[in-house]
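Okay, let's get going, I'll keep this short. Have a look at the model on the screen while I talk.

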Amino acid sequence: MNPPDQQGIATEATIESIQQALNDLLHQLAPALSKKSEAMASDPMSRIEYCMTLVKSEASLAASLIADCAPQGRPMLAQAQQTLKSLESLQRLGKTALKA
């Protein structure tokens with residue numbers, strides 16, 4: 001393909017394509033959270049924030065289990081921390097992409 005032919009191909013991402021990409025990545029990172037927040041798909045940044053709130057609640061529950069010496073608390077907390085880290089990265093990426 002020569003350069004004039006490439007001009008018809010959209011190279012810039014649209015807001016809609018960025019939002020769809022954020023929703024797709026959220027689904028890959030946290031399928032259960034993605035399912036719980038499907039109704040918010042039109043606003044992926046709010047959706048990510050909502051998922052972060054859910055994960056923080058899970059982390060709080062895990063901390064309570066650890067305090068009660070329940071064995072499932074530690075792996076639950078580790079999973080919540082990893083998920084939260086991934087969601088924070090996705091949030092930073094989304095803020096950057098939507099700002100451009």
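So, the buried residues of H5: they're Gly-73, Ala-80, Thr-83, Leu-84, Leu-87, Leu-90, Gln-91 and Gly-94. Buried here means under 20% relative accessible area, with exposed over 50% and partly exposed in between, using a 1.4 Å probe and protein chains only. Helices are DSSP runs of H or I, at least four residues, numbered from the N terminus.

Quick caveats: this is a predicted model, so local features need pLDDT of at least 70, side-chain atom pairs count only at pLDDT 80 or more, and totals for chains, interfaces and linings use all residues. Residues are numbered from 1 along each chain as its sequence is written, and side-chain values use heavy atoms, leaving out hydrogens and water.

Back to H5: its buried residues pack against H2, H3 and H4. H5 has 27 residues and reaches 38 Å from first C-alpha to last, close to the 39 Å expected; that expectation is 1.5 Å times one less than the number of residues.

Now H4, residues 44-67: its 24 residues should span 34 Å, and the end C-alpha atoms are 34 Å apart, so that agrees. Among what covers its buried residues are H2 (15-29), H3 (31-36) and H5 (73-99). Just after H4, Cys-69 takes a positive phi of about 65 degrees.

What does Val-55 touch, neighbours within four places in sequence aside? Val-55 sits in H4 and counts as buried because its relative accessibility is 2%. Its contacts (heavy atoms within 4.5 Å) are Leu-33, Ala-80, Thr-83, Leu-84 and Leu-87.

Key
Helices (H or I, at least four residues) and strands (E, at least two) are DSSP runs, numbered from the N terminus.
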